[in-house]
Amino acid sequence: MGFVPHTEQDVGQMLAALGLSEVEELFAEVRTALPPGDVPDIPGASELELRHHLWEMARLNGRPDQTPCFRGAGAYEHYIPAAVSSIISRGEFLTSYTPYQAEISQGTLQTMYEYQTMVCELLGMEVANASMYDGASALAEAALMAMRLTRKHRLLVAETLHPHWRQVLETYTANIAPEIVPLPASDGLLDPEQVARALDDETAAVLVQNPNAFGLIEPLREIGAHLVRHPALYIVAAYPTALGLLTSPGEAQADIAVGEGQSLGLPLSYGGPYLGLFATKLEHVRQMPGRLAGVAYDGRGRKGYVMTLQAREQHIRRERATSNICSNQMHAALAATVYLSLVGPDGFRKIAQNNFVVAHQLADRLCELPGCALAYPHPFFNEFVLNLPVPAEDIERELWDNGIISGLPLSRWWPERTHQMLFCATEVITDAACHRLVAALEEALP
Amino acid sequence: MSARTLFEKSRPGRGSNYVDDRGWTPEYLSRLPDFARRGTAPALPEVTEGEVVRHFTNLARRNWGVDVGCYPLGSCTMKYNPRLSEQIASWPEFSAAHPLRPARAAQGWLRVMYETERMLSQLCGMARFTLAPAAGAQGELCGMLMVRRYHLERGALRHTVIVPDTAHGTNPATAAQVGFRVVTCPSTADGLVNVKALRGLLNEDVAGIMLTNPNTLGLFEREIQEICDLVHQAGGLAYYDGANFNALVGRFRPGDMGFDVMHLNLHKTFSTPHGGGGPGAGPVGVSEKLEPYLPVPLVRKGAEGFEFESDRPSSIGRLNAFAGNALVVLRAYIYLRLLGRAGLREVSGAAVLAANYLQQRLLGAYEPAHPGRCMHEFVLTAAKQKAQGVRAVDIAKRLIDLGFHPPTIYFPLTVPEALMIEPTETENLETLDAFAEAMLQIAREVTENREVLHAAPQTTPVGRLDEVAAAKELNLRWRPEREGEHA
């Protein structure tokens with residue numbers, strides 16, 4: 001079942017052309033070069049047999065239509081129009097590779113160009129690359145880029161950054177060992193004056209996420225205003241869906257903008273593949289990592305698209321490349337491009353409004369429960385921290401027993417936050433699901 | 001003809017409605033303060049669903065894929081991607097699962113990850129694997145960060161990494177990104193690592209070597225055990241770039257060659273779709289001595305079932321927001337379970353047979369970079385043709401007109417006018433023969449009809465595009481003023 005089409009006769013013909021009598025002879029040299037040993041057996045299965053097994057495994061994950069999920073924390077379930085999967089499953093997109101041969105890769109290349117345009121529009125930036133692995137690694141690459149551009153090694157990082165993103169940043173910069181200075185949050189938000197005071201001559205960049213890890217809306221513009229006259233770069237991580245309503249990184253005068261593009265037409269997928277959005281100012285394009293499509297013309301003046309500025313990349317520059325990134329997340333970028341084309345500017349705004357309203361309605365209702373209250377009095381988008389009268393992990397367990405995936409107990413990230421839960425509600429959360437949650441939570445509370 | 005962009009097809013007021021407002025009142029929206037509001041809306045195209053489907057369907061028709069035809073792109077392993085994997089990956093029980101679900105609500109997912117790790121470890125002779133890396137290059141980053149940490153924990157950071165001159169570009173780029181100085185090891189006239197030269201490069205500052213085996217010339221490094229031994233004797237580690245593992249899968253194990261750390265490209269050997277350049281996945285395997293440094297999270301079997309393990313004090317940390325490209329891992333799991341070891345042996349056998357057969361058919365018309373048997377791919381040089389005014393790129397473009405995706409060209413860098421051909425095991429004999437015939441026809445055209453080679457491709461929507469001009473006059477996004485069309 002290796003999808004090998006060679007018949008016995010074909011194999012015989014090929015071996016004869018090579019003057020061999022069996023396939024094993026092709027490996028004789030390898031065999032003599034290595035110690036004797038065998039690969040442990042792995043049993044194969046027919047497609048039907050395997051499907052039964054996979055169905056068993058799938059059932060262990062529960063039926064998503066029967067288990068509403070009020071969890072965001074960096075991964076968000078949004079409605080995906082049916083046309084997205086229909087388009088992206090076409091074999092010409094799915095089974096192609098990096099468009100090294102432009103003439104027969106115009107589909108991928110033009111999609112890259114349209115994707116770059118849309119990402120620029122969302123983030124309010126001048127130039128975007130054709131995707132990174134995910135939002136977290138995009139942020140880490142942005143920090144590396146800022147350190148290359150400024151030749152400084154101090155990073156001011158918002159304490160309100162998603163803790164996993166912060167960990168990825170540390171992994172990616174391990175060998176440079178930048179000084180990572182936490183920007184303190186007072187009451188869940190950054191203080192622009194404090195950011196301004198923290199800036200110094202050694203600062204390479206300021207890293208801010210909006211909405212932040214508590215779902216709160218940061219004073220992006222005010223922070224940007226402080227940074228304009230300072231050589232340090234302003235790196236803003238955005239949640240794309242929120243950009244239908246909220247200030248774009250460009251409007252806040254960001255130098256580099258990144259984002260987790262999963263919310264643009266990609267399923268939750270247990271964590272991946274996701275999509276790293278990455279955009280900057282045109283003046284920095286040569287220090288930008290990742291693939292890039294641009295317009296080109298052929299000898300007859302016909303317009304097409306090519307991968308451009310490849311001299312930044314590893315296959316040309318090897319150890320002097322701006323990043324080691326090779327393959328990216330093109331198929332995810334295609335999904336995002338199709339998604340944004342389908343929803344359009346009007347739909348994009350409506351989806352953001354819908355999230356805002358659904359989450360606020362839910363927050364209002366949860367706050368009516370005894371002992372429950374918002375942890376912060378600040379504006380949020382579609383996610384909020386709720387203080388509970390009992391440990392959040394107990395609530396998580398009890399709700400799951402009722403077939404509900406609760407908000408995230410924040411003790412998962414900060415052990416001292418035992419009674420806090422981060423709830424999320426997007427447009428896919430129905431009123432009925434909200435009722436179920438409120439009823440189940442009421443039941444679970446003392 | 002170029003296809004117009006969606007932005008040019010946009011007309012104000014067009015669109016489709018996917019989400020309704022559920023009757024909420026504007027009162028809620030007034031809770032959003034002015035400081036937080038966006039000023040200018042993003043100028044996305046305004047088009048109907050029908051227009052979107054037609055637009056992308058026509059773009060798809062301007063693309064080549066394994067589903068369209070033979071795609072012998074060297075070092076990329078463009079094999080057939082089974083459809084079962086696509087179907088299962090779309091099941092909401094897998095695709096709609098939130099990454100931070102309680103473990104109790106994700107036992108199926110965790111078991112898929114646990115068993116995939118176990119199977120990859122068995123196939124590669126490694127102690128453990130991490131499934132977190134999102135691509136081969138991120139796998140390399142992960143592996144080299146572990147190499148760095150290994151030396152640090154032994155008290156002295158070493159600063160040099162040796163990379164053969166035939167290596168993939170990601171190897172030196174990764175070593176440099178992790179802060180190592182890259183030293184290039186020359187190849188012998190046979191295209192293998194020059195062991196004598198390697199001895200001269202080894203010293204107390206060498207952190208390790210990064211190797212592909214078979215190498216990018218499609219040749220098996222016969223002296224691999226000695227190479228790994230020498231590196232180990234000097235206190236370094238050996239990194240295996242698994243991009244070419246399709247040649248060996250199910251038969252031989254990098255662990256037995258002496259490697260300490262390696263990555264696999266699931267989108268190559270394990271047949272997950274390449275998607276136009278990703279997403280892939282680049283799991284990293286390690287021997288016992290590197291196990292403490294694996295990135296988090298890992299999956300373990302606990303008292304109450306499978307769970308993620310994130311508390312590992314010596315870990316290099318986290319590579320992604322969550323646990324990597326899970327849906328790609330699921331597809332690889334399906335491929336592994338479908339084929340089993342016997343199927344995988346058939347894969348490597350057929351891949352090597354097909355490459356050797358194709359090489360044999362082309363000898364005479366083209367010169368091999370190195371004579372003799374190859375593994376799963378081989379490299380030809382068009383040096384002879386270049387003397388007659390035809391370059392590798394001309395041959396590649398002419399292949400397009402004859403109905404094939406071209407091989408990888410101008411790589412490895414050590415071979416002038418290189419054509420790197422990897423047919424994979426899933427092309428049938430008729431296709432291999434047809435490709436050979438096309439190449440032989442081109443060889444004849446080099447003397448008989450050079451114009452047709454220089455003019456190629458002529459059957460495509462655009463001809464050869466001027467990349468130099470494109471890099472000078474950058475046009476990286478659509479703008480209404482430039483095109484004078486609808487915004």
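Predicted model: local features only at pLDDT ≥ 70, side-chain atom pairs only at ≥ 80, totals over all residues.
## The seven-stranded sheet in chain B

Let's start with chain B, where 7 strands form an open sheet in the order S1-S7-S6-S5-S4-S2-S3, with mixed pairing. The edges are strand S1 (128-130) and strand S3 (181-185) of chain B, and each of these pairs on one side only. Leaving direction aside, neighbouring strands of this sheet are turned by 25° against each other on average.

Inside the sheet, S4(B) runs parallel to strand S5 (residues 237-242) of chain B, and 5 bridges hold the pairing. To pick out one bridge in this pair, Ile209(B) has Ala238(B) as its partner in S5(B). Helix H7 (residues 136-153) of chain B packs on the sheet, where it touches S1, S4, S5, S6 and S7 of chain B. The direction of helix H7 of chain B makes about 170° with that of S6(B).

## A strand with two partners in chain A

Over in chain A, strand S13 (residues 383-387) is worth a look. Of its 5 residues, 4 are buried, so strand S13 of chain A is largely enclosed by the rest of the structure.

S13(A) pairs with strand S12 (residues 373-374) of chain A through 2 bridges, and the two run antiparallel. S13(A) also pairs with strand S15 (residues 420-424) of chain A, again antiparallel, this time through 5 bridges. Leu386(A) turns up in both pairings: Leu386(A) is the bridge partner of Leu374(A), and its bridge partner in S15(A) is Met421(A). As background, side chains in a regular strand alternate between the two faces of the sheet.

## The nonpolar core

The largest nonpolar core takes in 314 residues. Leu139(A), Leu207(A), Ile235(A) and Tyr239(B) have the most contacts inside this core. Helix H12 (residues 326-362) of chain B gives the most to the core, with 23 residues.

What does Ile235(A) touch, once residues up to four places away in sequence are set aside? Its contacts include several alanines, namely Ala142(A), Ala143(A), Ala146(A), Ala205(A) and Ala254(A). Ile235(A) also touches Leu139(A), Val206(A), Leu207(A), Ile256(A) and Val258(A), along with Asp255(A). Two of these contacts, Leu139(A) and Leu207(A), are themselves among the residues with the most contacts inside the core.

Most residues other than glycine have a negative phi, and most peptide bonds are trans. With that in mind, here are some exceptions.

Asn213(B) and Pro214(B) are joined by a cis peptide bond, with omega about 0°. Pro214(B) sits in the loop between strand S4 (206-212) and helix H10 (224-233) of chain B. Another cis bond runs from Ala456(B) to Pro457(B), with omega near -5°. Look for Pro457(B) in the loop between helix H16 (450-455) and helix H17 (467-472) of chain B.

Then there are the positive phi values. Ser271(B) is not a glycine, yet its phi is positive, about 60°. Ser271(B) lies in the loop between strand S6 (261-264) and strand S7 (284-286) of chain B. Is Ser271(B) buried or exposed? Ser271(B) is buried, because 28 other C-beta atoms lie within 10 Å, and 20 or more is the mark for that.

Tyr410(B) has a positive phi too, near 60°. Tyr410(B) is in the loop between strand S12 (408-409) and strand S13 (418-421) of chain B. Tyr410(B) has 16 C-beta neighbours inside 10 Å, so Tyr410(B) counts as partly exposed.

How values were computed: Residues numbered from 1 in each chain as written. Chains lettered and ligands numbered in written order. Buried ≥ 20, exposed ≤ 12 C-beta atoms within 10 Å, placed from the backbone. Pairing = 2+ DSSP bridges. Core = buried A, V, L, I, M, F, W, Y, C linked by C-beta atoms within 7 Å. Contact = placed C-beta atoms within 7 Å. Axes fitted to C-alpha atoms, helices over the stretch in contact; angles between N-to-C directions.
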